[in-house]
Amino acid sequence: ELSRRFRLVRYDERGCGLSDWDIPRFSFDDWVDDLETVVDTVGLDRFPLLGLSQGGPVAIAYAVRHPERVSHLVLLGSYAQGRRKRARSPEELELNEARIDMVRLAWGRPDPTYRQMVAARFLPEGDQDEWRAFDELQRRSTSPANAWRFLDEFSNIDVSDLAPRVTAPTLILAGRREPDGVFEESRILASLIPGSRLVPLDTSNHLLPERDPAWPQFLAEIDAFLAPPAS
């Protein structure tokens, strides 16, 4: 749907999908450098930037690094601090470390039980077919070692000092009923980015299936936000 409306450029992060899996470095700064490389290679001068989940902090860092290039910033289901950074109690921190360990130990197993715990957090309102499809996507998208590296590094993300330096108009969207306080994290993010607008989506899904009522709402908000100013 986005490519019907705009020229859409997307890429797989290092370590997953069609990007290289066998890589020595796996850090937040590397992800920002990768986005920079994609933009330079495609030859984009000024463009709206969409960041999903952990892509949000990457987009924020890029927008601060290149304010002249980012015309609009859109963040969906994102946050300023990863789970390790924002843990408010020893129990929250312990639960986060247990989740990371579970991925390290169980991601590559043929039994989908453990990966379905991840699917349940991304698609709590999903049906069995959507869970199976998401599980297959997870299994094929990266190695167990890289899945662990992803979650470990996601937990260390912290752009709370960069977010107030964003100058691009910013739209922040999140499911109002998402598990693990995702909407509250988006609210915190909105409080940090000057002039940003937070839109609650009527869903508990992190990913938005086409049948989700929040999907057309998301598209409508994007269209309105990126519409050229009236003459």
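Q: Which residues is Glu221 in contact with, leaving aside its neighbours within four places in sequence?
A: Those are Leu171, Leu173, Arg197 and Val199, where contact means heavy atoms within 4.5 Å. Keep in mind that this is a predicted model, where local features need pLDDT of at least 70 and side-chain atom pairs count only at pLDDT 80 or more, while totals for chains, interfaces and linings use all residues. Residues are numbered from 1 along each chain as its sequence is written, and side-chain values use heavy atoms, with hydrogens and water left out.

Q: Where is the place of Glu221, then?
A: Glu221 is in helix α10, residues 214-226. Helices (H or I, at least four residues) and strands (E, at least two) are DSSP runs, numbered from the N terminus.

Q: And does Glu221 count as buried or exposed?
A: Glu221 has 16% relative accessibility, so it counts as buried. Buried is under 20% relative accessible area, exposed is over 50%, and partly exposed is in between (1.4 Å probe, protein chains only).

Q: New topic: how many residues has the largest nonpolar core?
A: That core has 35 residues, and among those with the most contacts inside it are Phe28, Trp31 and Ile60. A nonpolar core is a set of buried Ala, Val, Leu, Ile, Met, Phe, Trp, Tyr and Cys residues joined through side-chain atoms within 4.5 Å.

Q: Which element gives the most to this core?
A: Helix α3 does, with 7 residues. A second, separate core has 15 residues, including Leu2, Leu173, Trp215 and Leu226.

Q: What does Ile60 touch, not counting residues up to four places away in sequence?
A: Ile60 touches Leu73, Leu75, Val159, Leu162, Ala163, Val166, Leu189 and Ile193.

Q: Now strands: how many bridges join β1 to β2?
A: There are 6, and β1 and β2 run parallel. Two strands pair if DSSP finds at least two bridges between them. One example is Gly51, whose bridge partner in β2 is Leu75.

Q: What do β1, α3 and β2 make?
A: They make a right-handed β-α-β unit. Right-handed means that, with the strands pointing away from the viewer, the path from the first strand over the helix to the second runs clockwise.

Q: What about Ser53, where does that lie?
A: Ser53 lies in the loop between β1 and α3. Its phi is positive, about 55°, although Ser53 is not a glycine. For background, most residues other than glycine have a negative phi. Ser53 counts as buried because its relative accessibility is 13%.

Q: Switching to rings, how many aromatic pairs does a search of the whole structure find?
A: It finds 8. Rings of Phe, Tyr and Trp (its six-membered ring) pair if their centres lie within 6.5 Å; planes under 30 degrees apart count as stacked, over 60 as edge-to-face and the rest as tilted. The ring centres of Phe26 and Phe150 are 4.7 Å apart with planes at 70°, so that pair is edge-to-face. Phe26 is in the loop between α1 (2-5) and α2 and Phe150 is in helix α8, so the pair ties together parts 124 residues apart in sequence.

Q: And what about Trp31 and Phe154?
A: Their ring centres are 5.5 Å apart and their planes are at 55°, so this pair is tilted. Trp31 in helix α2 and Phe154 in helix α8 are 123 residues apart. Trp31 and Phe154 are both buried.

Q: Which residues do ring pairs link into a cluster?
A: Phe26, Trp31, Phe150 and Phe154.
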